[in-house]
Amino acid sequence: MTAPEFPRPTPQQHRGRIAPRQHDAYKAYVIQHYRRFLLAINFIAMAAYDSYVLADALLIPDMARESLFLRTGLSLLGLINIFLVFRFSRSVLVMDMLMPVHDIISTIAWFELLKRSASPDVPFFLYASVVFILLGNLGVRYSFKGIAVVSAIISAIILYNVWLIHDGAAKPLLIFTLVYLPIALFSLFISWTNIKGVRQAFLADVEERRQRSELASLNLRLQELAATDGLTGVGNRRALDLQLNECWHGMRAHGRPFALLMADIDYFKPYNDHYGHQAGDRCLCQVAESLVSTLRGGGANVYRYGGEEFAILLEAGNAEDLRCVAERLREQVASLGIEHCYRPDRLRHLTISLGAAMANESALGEPRELLARCDQRLYSAKQAGRNRVQLGGQEGV
């Protein structure tokens with residue numbers, strides 16, 4: 001058998017596009033794999049923002065006090081928001097956009113300090129504002145549209161305030177813009193790359209799980225085929241051996257009783273010779289179907305032991321229950337009314353003979369001995385005239 005060929009990734013998967021039906025799964029994937037990152041980036045951004053209190057003290061000392069109070073207040077507010085969002089929210093968009101939104105507020109607050117300061121270092125200090133766009137753009141993993149909007153807002157706030165601080169002078173604004181825009185665009189590109197990478201990782205995970213599922217289904221199907229008789233659809237000899245050993249060990253370990261029945265179609269060779277092999281195959285299928293339907297819901301399994309012989313493993317508490325089941329099977333096959341005019345006795349329809357034994361009978365030390373005992377009793381049933389059940393030292397017709 002050749003190995004299965006899995007479908008190649010679609011162009012949408014190569015581009016990292018998420019199908020509408022996958023949105024919920026994608027959100028769950030981002031939360032599962034990137035929730036800790038989004039939580040950590042909020043604390044990193046807060047620590048970076050708070051560390052600027054030292055730069056404020058050096059470069060805008062007249063605003064140092066206000067800077068300390070403002071950053072402390074915003075940090076407390078940020079901590080509350082982080083706790084509420086990551087403790088109670090299940091929205092990946094809210095988790096993803098929390099830090100960028102805080103970034104907008106921090107940008108506005110910082111520029112308010114700069115505009116109120118009389119320090120000569122303010123024009124130089126303006127270039128530190130690139131940290132806001134860097135943190136905002138590099139700290140997301142889910143929504144590129146969201147960060148693109150936030151990035152535009154932060155850029156507008158920065159450029160507008162730079163223009164105000166320089167009293168509308170075009171040249172300082174142009175110089176700042178030439179420094180700022182490449183950083184903003186590059187960090188936005190990195191953000192797009194990161195988000196695309198998350199989408200591709202999700203799609204790869206979906207594909208991997210799909211392939212694993214298909215492989216598991218294929219393996220299960222192969223196991224079923226390996227344990228199934230190709231003609232009748234019941235279990236084959238290999239399946240019988242495995243199940244018989246399992247039942248035997250279960251009985252020895254937990255005391256669970258079970259029984260084995262061996263059934264053989266009476267005078268099958270003359271039937272096959274006179275009616276033909278195709279009719280013989282149909283006959284085997286009908287008998288197997290009759291056995292299965294009679295035992296359905298009774299905790300029993302039917303196997304084709306070989307040729308026209310079947311084996312049945314079933315739960316049975318005692319020999320009398322076993323006899324009742326065996327007789328019902330014999331009667332059910334006889335009631336099919338399959339014509340058999342070439343048998344040497346007076347009957348003109350198909351019948352079966354059965355040999356049965358409880359697994360906990362004396363002198364049985366291993367599964368093959370149980371098989372041998374049932375086979376011996378089946379032989380006795382045939383010697384006694386066929387179309388009968390042999391169980392223990394007695395026989396029934």
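The crossing of helices α9 and α13 is right-handed. A crossing is called right-handed if the near helix is turned clockwise from the far one by less than a right angle, and left-handed if anticlockwise. Helix α9 covers residues 237-254 and helix α13 covers residues 367-383; their axes come within 10 Å and cross at roughly 115 degrees. Axes here are lines fitted to C-alpha atoms, for helices over the stretch in contact, and angles run from 0 to 180 degrees between N-to-C directions. α9 and α13 are therefore roughly perpendicular to each other. For the labels, under 35 degrees is roughly parallel, over 145 roughly antiparallel, 65 to 115 roughly perpendicular, and the rest oblique.

Before I go on: this is a predicted model, local features need pLDDT of at least 70, side-chain atom pairs count only at pLDDT 80 or more, and totals for chains, interfaces and linings use all residues. Residues are numbered from 1 along each chain as its sequence is written, and side-chain values use heavy atoms, with hydrogens and water left out. Helices (H or I, at least four residues) and strands (E, at least two) are DSSP runs, numbered from the N terminus.

Which residues make the contact of α9 with α13? From α9 they are Leu240, Leu244, Asn245 and Trp248, and from α13 they are Pro367, Leu370 and Leu371. Contact means heavy atoms within 4.5 Å. The residues divide into 6 nonpolar, 1 polar and no charged. In this count Ala, Val, Leu, Ile, Met, Phe, Trp, Tyr, Cys and Pro are nonpolar, Asp, Glu, Lys and Arg are charged, and the others, Gly among them, are polar.

Staying in α13, that helix also holds Glu369. Glu369 is partly exposed, with a relative accessible area of 33%. The scale is: buried under 20% relative accessible area, exposed over 50%, partly exposed in between, with a 1.4 Å probe and protein chains only. Apart from neighbours within four places in sequence, Glu369 touches Ala363 and Leu364.

Next pair: α7 (residues 144-165) and α8 (residues 170-226). Their axes come within 11 Å and cross at roughly 170 degrees. α7 and α8 are therefore roughly antiparallel to each other. Among the residues in contact are Phe144, Ile147 and Trp163 of α7 and Phe176, Tyr180 and Trp192 of α8.

Now the cores. A nonpolar core is a set of buried Ala, Val, Leu, Ile, Met, Phe, Trp, Tyr and Cys residues joined through side-chain atoms within 4.5 Å. The largest has 33 residues, and those touching the most other members are Leu261, Ile265, Val287, Leu291, Phe310, Ile312 and Leu322. Elements that each supply at least two residues include strands β1 (259-265) and β3 (309-314) and helix α12 (319-334). Which element gives the most to this core? That is α11, with 7 residues. Val287 touches Ile265, Phe310, Val333, Leu350 and Ile352, not counting residues up to four places away in sequence. A second, separate core has 31 residues, including Met97, Ile104, Ile157 and Phe176.

Last, α10. Phe268, Pro270, Tyr271 and Asn272 of α10 are buried, and their cover includes β1 and α11. Just after α10, Gly276 takes a positive phi of about 100 degrees.
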